Amino acid sequence: MLDFLIADGIRQWAQRTPARIALQAGSSSLTFAQLSERIERVACGAAEGLGLEPGERVALLAPNCLEYVELLIGLPAAGVLTVGITAGATAAELAKICDDCAPRVVFVHESLEATARAADLGADVRIVVIGRDYDEWLASARPVRPEVDPSRTEAAWLQYTSGSTGVPKGAVISQHTRVLQYLVSAAEYGFFTPRDHHLVIGSLAHGIGSGKALTTLFGGGACSLAPMFHPERIVRMIGSRQITTTIIAPAHLRALLELPDATLARADLTSLRGLICGGAPLSQATKEEAIERIGDGILWEDYGSTEVPVIASLHPEDQLRKHQSVGRPYLGNSIVLLDGEGQAVAPGEVGELHVRSPYVFLGYWKRPEETAAAFRGRYYRTGDLARIDDEGYIYLLDRVHDRILSGGYTVSAREVEDVIADHPSIADVAVFGVPDDVSGEAVRAAIVVRPGDELPDGDLLAFCEQRLSLYKRPKWIDRMEQLPRGPTGKVLRTELRDPFWVGRDRSIG
Ligand code: AMP
(Lines give C-alpha, C1' and ligand atoms only; values in the text may rest on other atoms or scores of the structure.)
Protein backbone atom coordinates (compact mmCIF):
# COMPACT_ATOMS: atom_id res chain seq x y z
CA MET A 1 0.00 0.00 0.00
CA LEU A 2 1.18 3.47 -0.90
CA ASP A 3 1.88 5.35 2.35
CA PHE A 4 1.78 8.78 0.78
CA LEU A 5 -1.01 11.24 1.46
CA ILE A 6 -1.97 14.38 -0.44
CA ALA A 7 -1.08 16.23 2.78
CA ASP A 8 2.44 14.76 2.58
CA GLY A 9 3.01 16.57 -0.71
CA ILE A 10 2.07 19.90 0.90
CA ARG A 11 4.24 19.11 3.96
CA GLN A 12 7.22 18.57 1.66
CA TRP A 13 6.73 21.83 -0.22
CA ALA A 14 6.32 23.62 3.10
CA GLN A 15 9.83 22.38 3.97
CA ARG A 16 11.34 23.24 0.61
CA THR A 17 9.61 26.50 -0.25
CA PRO A 18 7.82 27.71 2.90
CA ALA A 19 7.35 31.29 1.78
CA ARG A 20 6.06 30.57 -1.71
CA ILE A 21 2.37 31.37 -2.28
CA ALA A 22 0.30 28.21 -2.51
CA LEU A 23 -3.24 29.57 -2.63
CA GLN A 24 -4.91 32.84 -3.49
CA ALA A 25 -8.54 33.89 -3.35
CA GLY A 26 -9.45 37.56 -3.74
CA SER A 27 -7.02 39.51 -1.58
CA SER A 28 -6.30 36.56 0.76
CA SER A 29 -3.47 34.12 0.28
CA LEU A 30 -1.64 31.28 2.03
CA THR A 31 1.99 30.30 1.67
CA PHE A 32 2.94 26.63 1.59
CA ALA A 33 4.07 26.90 5.25
CA GLN A 34 0.73 28.41 6.26
CA LEU A 35 -1.29 25.92 4.22
CA SER A 36 0.64 23.01 5.68
CA GLU A 37 0.12 24.26 9.22
CA ARG A 38 -3.59 24.76 8.64
CA ILE A 39 -3.87 21.26 7.17
CA GLU A 40 -2.33 19.80 10.36
CA ARG A 41 -4.79 21.84 12.41
CA VAL A 42 -7.73 20.61 10.34
CA ALA A 43 -6.62 17.00 10.80
CA CYS A 44 -6.00 17.37 14.54
CA GLY A 45 -9.11 19.48 15.00
CA ALA A 46 -11.15 16.73 13.33
CA ALA A 47 -9.67 13.95 15.43
CA GLU A 48 -9.35 15.73 18.78
CA GLY A 49 -11.69 18.73 18.65
CA LEU A 50 -14.59 17.06 16.86
CA GLY A 51 -13.76 13.53 18.03
CA LEU A 52 -13.99 12.08 14.53
CA GLU A 53 -12.69 8.56 13.96
CA PRO A 54 -11.14 7.41 10.67
CA GLY A 55 -13.92 6.33 8.32
CA GLU A 56 -16.50 8.78 9.69
CA ARG A 57 -18.00 11.26 7.22
CA VAL A 58 -17.94 15.03 7.11
CA ALA A 59 -19.90 17.03 4.53
CA LEU A 60 -18.69 20.25 3.00
CA LEU A 61 -21.09 22.80 1.53
CA ALA A 62 -19.29 25.90 0.34
CA PRO A 63 -18.34 27.85 -2.74
CA ASN A 64 -14.64 27.66 -3.68
CA CYS A 65 -12.63 29.23 -0.85
CA LEU A 66 -9.29 28.75 0.91
CA GLU A 67 -10.95 26.77 3.70
CA TYR A 68 -12.38 24.35 1.14
CA VAL A 69 -8.91 23.37 -0.03
CA GLU A 70 -7.50 22.87 3.47
CA LEU A 71 -10.50 20.74 4.46
CA LEU A 72 -10.27 18.62 1.28
CA ILE A 73 -6.67 17.79 2.15
CA GLY A 74 -6.67 17.97 5.96
CA LEU A 75 -9.73 15.88 6.82
CA PRO A 76 -8.55 12.81 4.81
CA ALA A 77 -5.14 13.15 6.53
CA ALA A 78 -7.06 12.16 9.67
CA GLY A 79 -8.83 9.38 7.76
CA VAL A 80 -12.11 11.29 7.67
CA LEU A 81 -14.20 10.72 4.53
CA THR A 82 -14.98 14.12 3.10
CA VAL A 83 -18.13 14.70 1.09
CA GLY A 84 -18.01 17.75 -1.15
CA ILE A 85 -21.43 19.11 -2.07
CA THR A 86 -21.85 21.63 -4.88
CA ALA A 87 -22.65 25.10 -3.56
CA GLY A 88 -25.81 25.25 -5.66
CA ALA A 89 -27.37 22.23 -3.90
CA THR A 90 -30.85 22.71 -2.50
CA ALA A 91 -31.75 21.78 1.08
CA ALA A 92 -33.57 18.70 -0.26
CA GLU A 93 -30.49 17.58 -2.23
CA LEU A 94 -28.25 18.12 0.77
CA ALA A 95 -30.65 16.16 2.97
CA LYS A 96 -30.73 13.27 0.48
CA ILE A 97 -26.94 13.01 0.37
CA CYS A 98 -26.63 13.29 4.15
CA ASP A 99 -29.28 10.64 4.52
CA ASP A 100 -27.11 8.34 2.41
CA CYS A 101 -23.73 8.95 4.04
CA ALA A 102 -24.71 10.09 7.56
CA PRO A 103 -22.06 12.74 8.25
CA ARG A 104 -21.29 13.60 11.89
CA VAL A 105 -20.27 17.14 10.98
CA VAL A 106 -21.21 19.55 8.19
CA PHE A 107 -18.89 22.44 7.36
CA VAL A 108 -20.98 25.10 5.68
CA HIS A 109 -20.00 28.48 4.33
CA GLU A 110 -21.90 31.32 6.03
CA SER A 111 -23.49 32.28 2.71
CA LEU A 112 -25.15 28.82 2.56
CA GLU A 113 -25.98 28.36 6.22
CA ALA A 114 -29.70 28.75 5.53
CA THR A 115 -29.57 25.74 3.17
CA ALA A 116 -27.88 23.58 5.79
CA ARG A 117 -30.39 24.62 8.48
CA ALA A 118 -33.34 24.04 6.12
CA ALA A 119 -32.09 20.52 5.39
CA ASP A 120 -32.97 19.70 8.98
CA LEU A 121 -30.15 17.21 9.45
CA GLY A 122 -30.99 16.35 13.04
CA ALA A 123 -29.55 17.27 16.41
CA ASP A 124 -26.67 14.76 16.15
CA VAL A 125 -25.14 16.53 13.17
CA ARG A 126 -22.81 19.33 14.19
CA ILE A 127 -22.70 22.36 11.90
CA VAL A 128 -19.49 24.40 11.72
CA VAL A 129 -19.92 27.68 9.87
CA ILE A 130 -17.02 28.86 7.71
CA GLY A 131 -16.78 32.60 8.25
CA ARG A 132 -18.01 32.33 11.86
CA ASP A 133 -17.08 29.35 14.11
CA TYR A 134 -14.46 27.91 11.77
CA ASP A 135 -11.53 30.19 12.63
CA GLU A 136 -11.96 29.59 16.33
CA TRP A 137 -12.17 25.84 15.81
CA LEU A 138 -9.03 25.88 13.66
CA ALA A 139 -7.08 28.11 16.07
CA SER A 140 -7.86 25.81 18.99
CA ALA A 141 -6.53 22.73 17.15
CA ARG A 142 -2.92 21.59 17.53
CA PRO A 143 -0.74 22.09 14.42
CA VAL A 144 0.77 18.62 14.57
CA ARG A 145 0.61 15.70 12.21
CA PRO A 146 -1.89 13.11 13.40
CA GLU A 147 -0.74 9.51 13.47
CA VAL A 148 -3.22 7.41 11.55
CA ASP A 149 -2.66 3.91 10.26
CA PRO A 150 -2.17 4.18 6.45
CA SER A 151 -4.86 1.56 5.85
CA ARG A 152 -7.35 4.00 7.46
CA THR A 153 -6.39 6.94 5.25
CA GLU A 154 -6.94 5.45 1.82
CA ALA A 155 -10.63 6.37 1.43
CA ALA A 156 -10.55 10.16 1.26
CA TRP A 157 -13.64 11.52 -0.42
CA LEU A 158 -17.16 10.59 -1.31
CA GLN A 159 -18.11 12.15 -4.62
CA TYR A 160 -21.77 11.96 -5.47
CA THR A 161 -22.38 11.25 -9.14
CA SER A 162 -23.97 14.06 -11.06
CA GLY A 163 -26.91 11.96 -12.27
CA SER A 164 -29.98 14.15 -12.27
CA THR A 165 -32.60 11.79 -10.91
CA GLY A 166 -32.94 8.87 -8.56
CA VAL A 167 -30.95 8.11 -5.45
CA PRO A 168 -27.52 9.72 -5.33
CA LYS A 169 -24.58 7.32 -5.48
CA GLY A 170 -21.41 8.25 -3.62
CA ALA A 171 -18.20 7.15 -5.29
CA VAL A 172 -15.52 6.46 -2.68
CA ILE A 173 -12.26 7.99 -3.87
CA SER A 174 -8.86 6.79 -2.76
CA GLN A 175 -6.27 9.45 -2.03
CA HIS A 176 -3.48 6.94 -2.61
CA THR A 177 -4.59 6.59 -6.24
CA ARG A 178 -4.91 10.37 -6.47
CA VAL A 179 -1.30 10.81 -5.37
CA LEU A 180 -0.25 8.52 -8.19
CA GLN A 181 -2.47 10.40 -10.64
CA TYR A 182 -0.99 13.76 -9.61
CA LEU A 183 2.56 12.43 -10.03
CA VAL A 184 1.79 10.97 -13.46
CA SER A 185 0.21 14.28 -14.55
CA ALA A 186 3.59 15.96 -14.92
CA ALA A 187 4.61 13.29 -17.46
CA GLU A 188 1.27 13.34 -19.26
CA TYR A 189 0.97 17.11 -19.64
CA GLY A 190 4.50 18.40 -19.12
CA PHE A 191 3.23 21.03 -16.67
CA PHE A 192 1.90 21.04 -13.06
CA THR A 193 5.36 21.89 -11.76
CA PRO A 194 6.49 24.44 -9.13
CA ARG A 195 6.61 27.04 -11.92
CA ASP A 196 2.89 26.74 -12.58
CA HIS A 197 0.04 28.93 -11.46
CA HIS A 198 -3.33 27.27 -11.91
CA LEU A 199 -6.66 29.05 -12.11
CA VAL A 200 -9.46 27.09 -10.42
CA ILE A 201 -12.72 27.80 -12.25
CA GLY A 202 -14.95 24.76 -11.61
CA SER A 203 -16.42 23.78 -8.25
CA LEU A 204 -13.98 22.12 -5.83
CA ALA A 205 -16.86 19.79 -4.93
CA HIS A 206 -16.44 18.17 -8.32
CA GLY A 207 -13.45 16.47 -9.92
CA ILE A 208 -13.16 19.18 -12.56
CA GLY A 209 -12.35 21.77 -9.91
CA SER A 210 -10.48 19.76 -7.31
CA GLY A 211 -8.48 17.38 -9.57
CA LYS A 212 -6.13 19.82 -11.25
CA ALA A 213 -6.10 22.21 -8.27
CA LEU A 214 -4.72 19.51 -5.99
CA THR A 215 -2.41 18.25 -8.77
CA THR A 216 -0.92 21.74 -8.90
CA LEU A 217 -0.44 22.10 -5.14
CA PHE A 218 0.97 18.58 -4.91
CA GLY A 219 3.47 19.53 -7.61
CA GLY A 220 4.52 22.66 -5.68
CA GLY A 221 2.67 25.14 -7.92
CA ALA A 222 0.23 27.88 -6.91
CA CYS A 223 -3.55 28.02 -7.30
CA SER A 224 -5.81 31.03 -7.62
CA LEU A 225 -9.49 30.52 -6.98
CA ALA A 226 -11.71 32.40 -9.39
CA PRO A 227 -14.89 33.80 -7.86
CA MET A 228 -18.18 32.82 -9.54
CA PHE A 229 -17.80 32.08 -13.25
CA HIS A 230 -17.64 35.37 -15.09
CA PRO A 231 -16.00 35.15 -18.54
CA GLU A 232 -14.60 38.65 -18.63
CA ARG A 233 -13.12 38.39 -15.13
CA ILE A 234 -11.59 35.01 -15.99
CA VAL A 235 -9.64 36.37 -18.94
CA ARG A 236 -8.58 39.40 -16.89
CA MET A 237 -7.35 37.13 -14.08
CA ILE A 238 -5.30 35.04 -16.52
CA GLY A 239 -3.40 38.17 -17.51
CA SER A 240 -3.11 39.86 -14.12
CA ARG A 241 -2.02 36.71 -12.25
CA GLN A 242 0.05 35.30 -15.13
CA ILE A 243 -1.89 32.05 -14.99
CA THR A 244 -0.16 29.13 -16.72
CA THR A 245 -2.80 26.36 -16.50
CA THR A 246 -6.52 26.01 -16.09
CA ILE A 247 -9.29 23.49 -16.67
CA ILE A 248 -12.68 24.47 -17.90
CA ALA A 249 -15.92 22.73 -18.87
CA PRO A 250 -16.95 22.99 -22.55
CA ALA A 251 -19.95 25.21 -21.77
CA HIS A 252 -17.66 27.66 -19.96
CA LEU A 253 -15.13 27.58 -22.80
CA ARG A 254 -17.99 28.49 -25.14
CA ALA A 255 -18.91 31.36 -22.84
CA LEU A 256 -15.31 32.66 -23.03
CA LEU A 257 -15.50 32.47 -26.81
CA GLU A 258 -18.74 34.48 -26.78
CA LEU A 259 -16.74 37.44 -25.45
CA PRO A 260 -16.38 40.24 -28.01
CA ASP A 261 -13.24 40.11 -30.16
CA ALA A 262 -12.04 43.35 -28.61
CA THR A 263 -12.23 41.91 -25.07
CA LEU A 264 -10.32 38.76 -25.98
CA ALA A 265 -7.77 40.71 -28.02
CA ARG A 266 -7.19 43.11 -25.10
CA ALA A 267 -6.66 40.25 -22.65
CA ASP A 268 -3.11 39.06 -22.08
CA LEU A 269 -3.35 35.27 -22.38
CA THR A 270 0.29 34.69 -23.32
CA SER A 271 1.19 33.13 -19.96
CA LEU A 272 -1.15 30.15 -20.55
CA ARG A 273 0.66 26.92 -21.37
CA GLY A 274 -2.16 24.50 -20.62
CA LEU A 275 -5.84 25.13 -21.30
CA ILE A 276 -7.59 21.86 -20.50
CA CYS A 277 -11.19 21.31 -21.42
CA GLY A 278 -13.20 18.27 -20.48
CA GLY A 279 -15.95 16.55 -18.56
CA ALA A 280 -18.51 16.79 -21.36
CA PRO A 281 -18.55 16.70 -25.17
CA LEU A 282 -16.55 19.47 -26.81
CA SER A 283 -17.31 20.22 -30.45
CA GLN A 284 -14.55 20.39 -33.05
CA ALA A 285 -15.79 23.87 -34.03
CA THR A 286 -15.31 25.12 -30.46
CA LYS A 287 -11.83 23.60 -30.29
CA GLU A 288 -10.79 25.27 -33.51
CA GLU A 289 -12.18 28.60 -32.43
CA ALA A 290 -10.35 28.29 -29.08
CA ILE A 291 -7.09 27.53 -30.86
CA GLU A 292 -7.51 30.53 -33.10
CA ARG A 293 -8.68 33.04 -30.52
CA ILE A 294 -7.05 31.91 -27.27
CA GLY A 295 -3.82 30.30 -28.37
CA ASP A 296 -2.25 27.54 -30.43
CA GLY A 297 -0.41 24.61 -28.85
CA ILE A 298 -2.09 24.89 -25.43
CA LEU A 299 -5.47 23.19 -25.79
CA TRP A 300 -5.95 19.74 -24.21
CA GLU A 301 -9.10 17.68 -24.02
CA ASP A 302 -9.59 15.43 -20.99
CA TYR A 303 -11.98 12.53 -20.85
CA GLY A 304 -12.78 11.18 -17.42
CA SER A 305 -15.56 10.44 -14.96
CA THR A 306 -16.26 10.53 -11.26
CA GLU A 307 -15.19 6.89 -11.01
CA VAL A 308 -12.02 7.15 -13.14
CA PRO A 309 -11.06 10.82 -13.26
CA VAL A 310 -8.54 10.53 -16.08
CA ILE A 311 -9.36 8.03 -18.81
CA ALA A 312 -7.82 9.63 -21.91
CA SER A 313 -6.47 12.94 -23.13
CA LEU A 314 -6.02 14.56 -26.52
CA HIS A 315 -2.79 16.54 -26.68
CA PRO A 316 -2.47 19.94 -28.39
CA GLU A 317 -0.62 18.61 -31.45
CA ASP A 318 -3.55 16.29 -32.25
CA GLN A 319 -6.41 18.79 -31.95
CA LEU A 320 -6.61 19.55 -35.67
CA ARG A 321 -5.40 16.13 -36.83
CA LYS A 322 -7.85 13.94 -34.90
CA HIS A 323 -11.26 15.52 -35.28
CA GLN A 324 -13.65 14.82 -32.38
CA SER A 325 -11.27 12.40 -30.68
CA VAL A 326 -10.81 12.47 -26.89
CA GLY A 327 -7.29 11.18 -27.38
CA ARG A 328 -5.38 8.16 -26.20
CA PRO A 329 -5.48 6.40 -22.83
CA TYR A 330 -3.91 8.37 -20.01
CA LEU A 331 -0.59 6.90 -18.82
CA GLY A 332 -1.29 3.80 -16.76
CA ASN A 333 -4.73 3.00 -18.24
CA SER A 334 -5.68 0.21 -20.60
CA ILE A 335 -8.87 0.31 -22.59
CA VAL A 336 -11.08 -2.25 -24.34
CA LEU A 337 -14.34 -1.89 -26.28
CA LEU A 338 -16.82 -4.65 -25.52
CA ASP A 339 -20.20 -5.59 -26.97
CA GLY A 340 -23.31 -6.35 -24.92
CA GLU A 341 -22.08 -9.90 -24.28
CA GLY A 342 -18.72 -8.73 -22.99
CA GLN A 343 -16.81 -9.72 -26.15
CA ALA A 344 -14.20 -7.43 -27.66
CA VAL A 345 -15.53 -5.74 -30.79
CA ALA A 346 -13.62 -5.93 -34.09
CA PRO A 347 -11.08 -3.15 -34.78
CA GLY A 348 -12.85 0.03 -35.86
CA GLU A 349 -16.24 -1.15 -34.53
CA VAL A 350 -18.30 0.57 -31.84
CA GLY A 351 -18.42 -0.91 -28.34
CA GLU A 352 -18.82 0.13 -24.72
CA LEU A 353 -15.58 1.56 -23.42
CA HIS A 354 -14.12 -0.30 -20.43
CA VAL A 355 -11.03 0.93 -18.65
CA ARG A 356 -8.62 -0.79 -16.32
CA SER A 357 -7.03 2.00 -14.35
CA PRO A 358 -4.79 2.57 -11.33
CA TYR A 359 -6.88 5.70 -10.71
CA VAL A 360 -10.18 3.86 -10.32
CA PHE A 361 -12.55 4.56 -7.42
CA LEU A 362 -12.95 2.13 -4.52
CA GLY A 363 -16.68 1.49 -5.02
CA TYR A 364 -20.04 3.14 -4.33
CA TRP A 365 -20.75 3.94 -0.69
CA LYS A 366 -22.76 1.08 0.81
CA ARG A 367 -23.86 -0.19 -2.61
CA PRO A 368 -22.02 -3.46 -3.24
CA GLU A 369 -24.42 -4.49 -6.01
CA GLU A 370 -24.03 -1.26 -7.97
CA THR A 371 -20.27 -1.49 -7.44
CA ALA A 372 -20.16 -5.04 -8.82
CA ALA A 373 -22.33 -4.01 -11.78
CA ALA A 374 -19.92 -1.17 -12.61
CA PHE A 375 -17.13 -3.62 -13.43
CA ARG A 376 -16.39 -6.46 -15.80
CA GLY A 377 -13.51 -8.18 -14.07
CA ARG A 378 -10.99 -5.42 -13.36
CA TYR A 379 -12.38 -3.17 -16.07
CA TYR A 380 -14.68 -0.29 -15.16
CA ARG A 381 -17.70 0.05 -17.48
CA THR A 382 -17.91 3.68 -18.48
CA GLY A 383 -21.33 3.49 -20.13
CA ASP A 384 -19.79 5.34 -23.09
CA LEU A 385 -20.00 4.01 -26.62
CA ALA A 386 -16.77 4.52 -28.49
CA ARG A 387 -14.68 3.67 -31.52
CA ILE A 388 -10.88 3.45 -31.61
CA ASP A 389 -8.88 4.22 -34.76
CA ASP A 390 -5.78 2.41 -35.97
CA GLU A 391 -3.50 4.79 -34.06
CA GLY A 392 -5.33 4.09 -30.80
CA TYR A 393 -7.31 7.34 -30.65
CA ILE A 394 -10.71 7.15 -28.97
CA TYR A 395 -13.90 8.68 -30.40
CA LEU A 396 -16.89 8.88 -28.05
CA LEU A 397 -20.22 8.46 -29.75
CA ASP A 398 -22.82 8.43 -27.00
CA ARG A 399 -23.71 7.26 -23.56
CA VAL A 400 -25.18 3.75 -23.81
CA HIS A 401 -28.35 5.18 -22.23
CA ASP A 402 -28.59 8.02 -24.74
CA ARG A 403 -28.84 5.88 -27.86
CA ILE A 404 -32.20 6.21 -29.53
CA LEU A 405 -33.75 3.09 -31.03
CA SER A 406 -35.94 4.34 -33.84
CA GLY A 407 -37.79 1.90 -36.08
CA GLY A 408 -35.01 -0.70 -35.87
CA TYR A 409 -32.21 1.83 -36.34
CA THR A 410 -29.88 3.10 -33.65
CA VAL A 411 -29.54 6.86 -33.65
CA SER A 412 -26.61 8.57 -31.99
CA ALA A 413 -27.92 11.57 -30.05
CA ARG A 414 -24.46 13.10 -30.32
CA GLU A 415 -24.40 12.85 -34.13
CA VAL A 416 -27.72 14.66 -34.42
CA GLU A 417 -26.63 17.29 -31.89
CA ASP A 418 -23.43 17.94 -33.83
CA VAL A 419 -25.43 18.55 -37.02
CA ILE A 420 -27.92 20.90 -35.36
CA ALA A 421 -25.15 22.74 -33.49
CA ASP A 422 -23.66 23.64 -36.87
CA HIS A 423 -26.66 25.84 -37.67
CA PRO A 424 -25.52 29.45 -37.15
CA SER A 425 -28.65 30.40 -35.17
CA ILE A 426 -28.27 27.60 -32.63
CA ALA A 427 -26.68 28.47 -29.28
CA ASP A 428 -27.25 25.09 -27.63
CA VAL A 429 -28.91 21.77 -28.35
CA ALA A 430 -29.69 18.42 -26.75
CA VAL A 431 -31.23 15.45 -28.50
CA PHE A 432 -33.03 12.56 -26.82
CA GLY A 433 -35.44 9.72 -27.53
CA VAL A 434 -39.14 9.85 -26.68
CA PRO A 435 -41.86 7.23 -27.13
CA ASP A 436 -43.35 7.11 -30.60
CA ASP A 437 -46.30 4.98 -31.74
CA VAL A 438 -44.86 4.42 -35.20
CA SER A 439 -41.19 3.71 -34.58
CA GLY A 440 -41.11 2.82 -30.88
CA GLU A 441 -38.85 5.73 -30.15
CA ALA A 442 -38.22 8.94 -32.06
CA VAL A 443 -35.82 11.83 -31.94
CA ARG A 444 -36.73 15.00 -30.06
CA ALA A 445 -34.49 18.07 -29.90
CA ALA A 446 -34.37 20.80 -27.26
CA ILE A 447 -32.79 23.93 -28.71
CA VAL A 448 -31.67 27.33 -27.53
CA VAL A 449 -31.67 29.91 -30.30
CA ARG A 450 -29.06 32.69 -30.29
CA PRO A 451 -30.47 35.93 -28.85
CA GLY A 452 -31.91 38.13 -31.57
CA ASP A 453 -32.12 35.32 -34.16
CA GLU A 454 -35.34 33.95 -35.61
CA LEU A 455 -35.31 30.29 -36.44
CA PRO A 456 -38.64 28.86 -37.62
CA ASP A 457 -38.96 25.10 -37.07
CA GLY A 458 -39.31 24.65 -40.83
CA ASP A 459 -35.88 26.19 -41.47
CA LEU A 460 -34.19 23.94 -38.92
CA LEU A 461 -35.96 20.86 -40.28
CA ALA A 462 -34.89 21.76 -43.82
CA PHE A 463 -31.31 22.13 -42.55
CA CYS A 464 -31.51 18.65 -40.97
CA GLU A 465 -33.10 17.17 -44.11
CA GLN A 466 -29.97 18.00 -46.10
CA ARG A 467 -27.68 16.39 -43.56
CA LEU A 468 -29.49 13.51 -41.81
CA SER A 469 -31.40 10.42 -42.91
CA LEU A 470 -35.09 10.51 -42.17
CA TYR A 471 -34.95 8.34 -39.02
CA LYS A 472 -32.29 10.60 -37.47
CA ARG A 473 -34.19 13.83 -37.95
CA PRO A 474 -35.99 15.35 -34.97
CA LYS A 475 -39.71 14.80 -35.06
CA TRP A 476 -40.32 17.46 -32.41
CA ILE A 477 -38.42 20.59 -31.45
CA ASP A 478 -38.63 22.25 -28.02
CA ARG A 479 -37.38 25.79 -27.59
CA MET A 480 -35.79 26.60 -24.26
CA GLU A 481 -34.16 29.61 -22.60
CA GLN A 482 -31.35 27.32 -21.47
CA LEU A 483 -30.68 23.60 -21.17
CA PRO A 484 -30.43 21.86 -17.78
CA ARG A 485 -26.76 21.26 -17.04
CA GLY A 486 -24.77 19.50 -14.31
CA PRO A 487 -21.68 20.88 -12.56
CA THR A 488 -19.31 20.14 -15.45
CA GLY A 489 -21.69 21.75 -17.87
CA LYS A 490 -22.89 18.40 -19.14
CA VAL A 491 -26.45 18.53 -20.46
CA LEU A 492 -28.72 16.51 -18.17
CA ARG A 493 -30.52 14.61 -20.91
CA THR A 494 -32.39 12.50 -18.37
CA GLU A 495 -34.12 15.66 -17.11
CA LEU A 496 -35.33 16.39 -20.62
CA ARG A 497 -36.18 12.81 -21.49
CA ASP A 498 -37.73 11.36 -18.33
CA PRO A 499 -41.02 13.33 -18.33
CA PHE A 500 -41.91 11.69 -21.66
CA TRP A 501 -41.36 8.19 -20.27
CA VAL A 502 -43.41 8.39 -17.08
CA GLY A 503 -45.24 5.09 -16.71
CA ARG A 504 -43.54 3.57 -19.76
CA ASP A 505 -40.64 1.21 -20.01
CA ARG A 506 -37.54 2.31 -21.90
CA SER A 507 -35.78 -0.83 -23.02
CA ILE A 508 -32.38 0.76 -23.68
CA GLY A 509 -29.72 0.54 -20.98
P1 AMP B 1 -19.25 12.39 -14.53
O2 AMP B 1 -19.03 11.13 -13.76
O3 AMP B 1 -20.47 13.13 -14.14
O4 AMP B 1 -18.02 13.24 -14.53
O5 AMP B 1 -19.52 11.98 -16.05
C6 AMP B 1 -18.62 11.20 -16.77
C7 AMP B 1 -19.06 11.13 -18.20
O8 AMP B 1 -18.94 12.41 -18.83
C9 AMP B 1 -18.22 10.22 -19.07
O10 AMP B 1 -18.53 8.86 -18.90
C11 AMP B 1 -18.58 10.75 -20.47
O12 AMP B 1 -19.84 10.29 -20.89
C13 AMP B 1 -18.69 12.25 -20.22
N14 AMP B 1 -17.43 12.91 -20.58
C15 AMP B 1 -16.40 13.20 -19.79
N16 AMP B 1 -15.41 13.80 -20.48
C17 AMP B 1 -15.83 13.88 -21.77
C18 AMP B 1 -15.27 14.38 -22.99
N19 AMP B 1 -14.06 14.95 -23.02
N20 AMP B 1 -16.02 14.27 -24.11
C21 AMP B 1 -17.24 13.71 -24.10
N22 AMP B 1 -17.82 13.23 -22.99
C23 AMP B 1 -17.14 13.30 -21.84
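User: What does the accessible surface of the chain come to, and what share belongs to carbon and sulfur atoms?
Analyst: The accessible surface is about 21500 Å², and carbon and sulfur atoms make up 50% of it, with areas taken from the Shrake-Rupley method using a 1.4 Å probe. Please keep in mind that this is a predicted model, where local features need pLDDT of at least 70, side-chain atom pairs count only at pLDDT 80 or more, and totals for chains, interfaces and linings use all residues. Residues are numbered from 1 along each chain as its sequence is written, and side-chain values use heavy atoms, leaving out hydrogens and water.
User: And how much of the chain is buried?
Analyst: Of the 509 residues, 56% count as buried, meaning under 20% relative accessible area with a 1.4 Å probe, protein chains only.
User: Which residues touch the most other members of the largest nonpolar core?
Analyst: They are L71, I73, F107, Y134, L217 and L353, in a core of 70 residues; such a core is a set of buried Ala, Val, Leu, Ile, Met, Phe, Trp, Tyr and Cys residues joined through side-chain atoms within 4.5 Å. Helix 3 (residues 66–77) supplies the largest share, 8 residues, helices being DSSP runs of H or I with at least four residues.
User: What about a second core, which residues does that include?
Analyst: A separate core of 25 residues includes A226, L253, L256 and L257.
User: Switching topic, how big a box do the C-alpha atoms fill?
Analyst: Along the principal axes, the box is roughly 70 × 50 × 45 Å.

Key: Buried means under 20% relative accessible area, exposed over 50%, partly exposed in between (1.4 Å probe, protein chains only). Helices (H or I, at least four residues) and strands (E, at least two) are DSSP runs, numbered from the N terminus.
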